[in-house]
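Visitor: I would like a short tour of this model. Please give the cut-offs as we go.

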Amino acid sequence: MKRPKFKNISLLIATAFSIFIVVSLIDSCKVSQQVAAKSGAQLWAENCQRCHNTPSPSTFSAEQWETIGLHMQTRALITDDERKKIVDFLKQ
Amino acid sequence: MTQQKNIIRTSFMLLLIILQQTAIKAQQTVVDSSVLDRITELEKQVSYKKSGEEHFLVVGVATMGFAAYKTTNTIGGIASTSKTNSFPDADNFEFSPMLLWRHGSKFLMEFEPSFNNNGLSVNWADVSYFAAPGLIIRAGYFVLPFGTYAKREAAGWIDKLATDPMGIADMTPTDYGVEVEGGLPLGNMKMNYDLALTNGNQLNPDGTLTNGNIVDNNNNKTVTGRLGLLPFSNSSLEIGVSGMFGKVGDQGALVQNTSGNLYAFDLNYVKTLSPILLNIKSQYNIQNIGNVNYLNPADSSTYTFNNHTSSFFAQCSIRPVGAEGFLKNLELAGRYTTFNTPSNSTFGANQHSVTIGLDYWLNWRSVFKITYDSYTNNSTASKNLGAFTGTTNINTFYLQFSIQL
């Protein structure tokens, strides 16, 4: 009779631990203040060079940068906020 | 008499004024008409050029060059050497315009036909829907999320060296299916995910795989996924792990339950350590296919072997971004690659190559490369099957130019 009780406690602990992990992960899926404060220029410098040289803003028109931004997001898997900030910087 | 003269003079003056006003009015009518026409024309042009919802853009890549090969085959201590060259380098020529259509801010269509050493082919043709922050849904024909080299680093104007690391891109299929992917913030870190469901690889009778088949050879779909983590807030480091799982045998054949399980681990580190830009890239691929009876193409007999393949590369490049003038545009790169195909098969080999290169960047997206590659192939194929069992060395000198269109 004792073993099922121990099993139940273990199950309870495992469930609580799983909920804690999931809640922690969900809670951490937001941008820190340090990252949120980054400018488009800084994100452009940090992210583009992960694969290739940083592009010149004069290469494409504002509308074209919107298209390029979406294409690049599918490749580098940058976040939506990063893409918007980088494209806004390149459109200037 | 005088009064009569005054009347005539006044009448004449009035006539002149009337004629003048009529002429001015007629002239004004002509001017107004041309201005109106011009305004109408401009309105048409403005209407045609308004931003609208649809945007079309052509980009892409062109790569061309020259390669000189010195090949030495050694069997039983006896060596034979030959020298060849090709202009342009047949394995590294590519002209691939990429067509991008954007509908509003949610849909993107990508189509990249390619003229290369395989003739005319298609690199990808897909539609992406940007469903929500961190969620992109794609369908069509696309590069699978297996490692990062094929999807991000293979283009000639991105790759620091004239050649692809052998076995890396070859083990990353382009396939038909659906895919979900996205990038998510994780506090100071970031993560990304990519999951695809596709037709999958198909097993050839000799134990190798083919991919990119528009008709599936069985009812089992292949799952390919990658998880990437960028642990630093400056995004300088990304590490990733990938897996690809699915049945590869033909439906109804003896090998119909044979599975192909592939794994990949990738690393990308790019950081400016003033005055140098340091760029390190690496990927390790593993491919395991079930050990069933395979066909010996030499005599159509069957045999079996441990169908395990692996490939690895590590590449480092440095660019003096803090320098001035000519020196700032130079980049020095080196890479070590291994590619081991199944021993005791008809195509078993332990291959490795050392590649070094010097690049000159004409601008951010066009580069002139000088690359030297030393390749060694030690055959591990089965002597009993009549395969080549010697050693091959190929030293190659490449000149290559690549530009993003």
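**Hairpins, cores and contacts**

Visitor: In the hairpin of E1(B) and E2(B), which residue takes a positive phi near 60°?
Guide: The model is predicted: local features need pLDDT of at least 70, side-chain atom pairs count only at pLDDT 80 or more, and totals for chains, interfaces and linings use all residues. Residues are numbered from 1 along each chain as its sequence is written, while chains are lettered from A and ligands numbered from 1 in the order in which they are written. The hairpin has two residues between the strands. The residue with the positive phi near 60° is Gly76(B).

Visitor: How many bridges pair strand E1 of chain B with E2(B), and in which sense?
Guide: Strands (E, at least two residues) and helices (H or I, at least four) are DSSP runs, numbered from the N terminus. Two strands pair if DSSP finds at least two bridges between them. In E2(B), Thr81(B) is the bridge partner of Thr72(B). E1 (residues 54-75) and E2(B) pair in the antiparallel sense, and the bridges number nine.

Visitor: Is strand E2 of chain B largely in the open or buried?
Guide: A residue is buried if 20 or more other C-beta atoms lie within 10 Å of its own, exposed if 12 or fewer, and partly exposed in between; C-beta atoms are placed from the backbone. E2 (residues 78-86) has nine residues, and the number buried is zero. So the strand lies largely in the open.

Visitor: How many helices and strands are in chain B, and what is its radius of gyration?
Guide: Chain B has two helices and 21 strands. The radius is taken over C-alpha atoms; the globule rule is 2.2 Å times the number of residues to the power 0.38. That rule gives 22 Å for 405 residues, and chain B is well over it, so the chain is more spread out than a compact globule. Its radius of gyration is 33 Å.

Visitor: What percentage of the residues of chain B count as buried?
Guide: The C-alpha atoms fill a box of roughly 140 × 55 × 50 Å, taken along the principal axes. The chain has 405 residues. Of these, the buried share is 33%.

Visitor: Which residue of E6(B) is the bridge partner of Asp126(B)?
Guide: Strand E5 (residues 119-132) of chain B and E6(B) pair in the antiparallel sense over seven bridges. Their hairpin has two residues between the strands, and Gly134(B) takes a positive phi near 80° there. The partner of Asp126(B) is Gly140(B).

Visitor: Which residue in E7(B) stands opposite Arg138(B)?
Guide: E6(B) also pairs with strand E7 (residues 174-186) of chain B. The sense is antiparallel, over eight bridges. Opposite Arg138(B) stands Glu179(B).

Visitor: Which residues touch the most other members of the largest nonpolar core?
Guide: A nonpolar core is a set of buried Ala, Val, Leu, Ile, Met, Phe, Trp, Tyr and Cys residues joined through C-beta atoms within 7 Å. The largest has 14 residues. Strand E6 (135-143), helix H2 (149-153) and strand E13 (259-273) of chain B each supply at least two of its residues. Those touching the most other members are Leu144(B), Phe146(B), Ile168(B) and Leu262(B).

Visitor: Which helix gives the most to the side of chain A that touches chain B?
Guide: Residues are in contact if their C-beta atoms, placed from the backbone, lie within 7 Å. By that test, 30 residues of chain A are in contact with 37 residues of chain B. Helix H2 (33-36), H3 and H4 of chain A each supply at least two residues of that side of chain A. The most, nine residues, come from H4(A).

Visitor: Which residues is Cys48(A) in contact with, leaving aside its neighbours within four places in sequence?
Guide: Cys48(A) is in the loop between helix H3 (40-47) and helix H4 (62-76) of chain A. It counts as partly exposed because it has 19 C-beta neighbours inside 10 Å. Its contacts are Thr54(A) and Pro55(A).

Visitor: Is Leu77(A) buried or exposed?
Guide: Leu77(A) is found in the loop between H4 and helix H5 (80-91) of chain A. Its phi is positive, about 55°, although it is not a glycine. With 27 other C-beta atoms within 10 Å, Leu77(A) is buried.

Visitor: What is omega for the cis peptide bond of Ser274(B) and Pro275(B)?
Guide: Most peptide bonds are trans. Pro275(B) lies in the loop between E13 and strand E14 (276-289) of chain B. For the cis bond joining Ser274(B) and Pro275(B), omega is about 10°.

Methods:
Two residues are in contact if their C-beta atoms, placed from the backbone, lie within 7 Å.
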